Amino acid sequence: MGELLFKERKRIWCGLPWTFTVYSFDEERFFIKRGMFTIKEDEIRLYRILDLSLKRNFIQRIFGMGTITVDSSDKSMKCFEIKNIKHSRDFKELLSQKIEEERMRKRISGREFISDHDHEDFDEYDEGYDHH
């Protein structure tokens, strides 16, 4: 495992870190570690993450937290939430930057994640687009 770039614990509604869920990522992977007695660890390659969105309800804003929704092309972790974390905007921005860097490093474009049906629709749209 590489050096962790960001690590944050899920918090309860009032912002205290009294949970057993930790979110972190390094240059290539995102990790979720849950549990106290039985520990479950999930991992997703950064280049598989397709979309990030940040939601901050009223209580989260009061306590300086947010929830990031992640959509990915990973089979076991298609859509998941990074819930109630401090510094949520910074976490999301750094994660987004690392995702793009990893895609560029691996030479992966967003088109590689489009299904065949979507790809045909995209090509039809692309044919009418003036590339100059």
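Student: What sort of model are we looking at?
Tutor: Residues are numbered from 1 along each chain as its sequence is written, and side-chain values use heavy atoms, with hydrogens and water left out. Local features need pLDDT of at least 70 and side-chain atom pairs count only at pLDDT 80 or more, while totals for chains, interfaces and linings use all residues, as this is a predicted model.

Student: In what pattern do the helices and strands follow each other along the sequence?
Tutor: The chain has three helices and seven strands. Read along the sequence, they come as β-β-β-β-β-α-β-β-α-α.

Student: Back to the strands under discussion: which ones stand at the edges of the sheet?
Tutor: The sheet is open, with three strands in the order β5-β6-β7 and antiparallel pairing; two strands pair if DSSP finds at least two bridges between them. The twist averages 20° from one strand to the next. Each edge strand has a single partner, so one side of it is left without a neighbour in the sheet; these are β5 (49–55) and β7 (79–86).

Student: Which residue in β7 stands opposite I68?
Tutor: Strand β6, residues 65–72, runs antiparallel to β7, and six bridges join the two. Across from I68 you'll find I82.

Student: There's a hairpin too; which residue in the hairpin of β3 and β4 takes a positive phi?
Tutor: β3 and β4 (residues 40–45) pair in the antiparallel sense over six bridges, and F31 stands opposite E43 in β4. Five residues sit between the strands, and the one with a positive phi, near 110°, is G35.

Student: How many residues separate F25 and F91 in sequence?
Tutor: These two form one of the five aromatic pairs, where rings of Phe, Tyr and Trp (its six-membered ring) pair if their centres lie within 6.5 Å; planes under 30 degrees apart count as stacked, over 60 as edge-to-face and the rest as tilted. F25 and F91 are edge-to-face, 5.4 Å centre to centre with 90° between the planes. F25 lies in strand β2 (residues 21–25) and F91 in helix α2, so the pair ties together parts whose separation in residues is 66.

Student: And what is the centre-to-centre distance of F30 and F91?
Tutor: F30 belongs to strand β3 (residues 29–34), 61 residues away from F91 in helix α2. Both are buried, a word that means under 20% relative accessible area, with exposed over 50% and partly exposed in between (1.4 Å probe, protein chains only). Their rings are edge-to-face with 90° between the planes, and the centres are separated by 6.3 Å.

Student: Which residues have the most contacts inside the largest nonpolar core?
Tutor: A nonpolar core is a set of buried Ala, Val, Leu, Ile, Met, Phe, Trp, Tyr and Cys residues joined through side-chain atoms within 4.5 Å. β2, β3, β5, β6, β7 and α2 each supply at least two residues of the core in question. It has 18 residues, and those with the most contacts inside are F30, F80, I82, F91 and L95.

Student: Is K98 buried or exposed?
Tutor: K98 sits in helix α2. Leaving aside neighbours within four places in sequence, K98 is in contact (heavy atoms within 4.5 Å) with L5, F25, E27 and L46. At 11% relative accessibility, K98 counts as buried.

Student: What distance separates the C-alpha atoms of S88 and M65?
Tutor: S88 is in helix α2 as well, and S88 is buried with a relative accessible area of 4%. Beyond neighbours within four places in sequence, S88 touches L54, R56, M65, G66 and I68. S88 and M65 are 23 residues apart along the chain, yet their C-alpha atoms are separated by 6.1 Å.

Student: Last one: what share of the chain do buried residues make up?
Tutor: The chain has 132 residues. Among the buried ones are F25 and F91. Buried residues make up 33%.

How values were computed:
Helix = DSSP H or I, 4+ residues; strand = E, 2+ residues; numbered from the N terminus. Axes fitted to C-alpha atoms, helices over the stretch in contact; angles between N-to-C directions.
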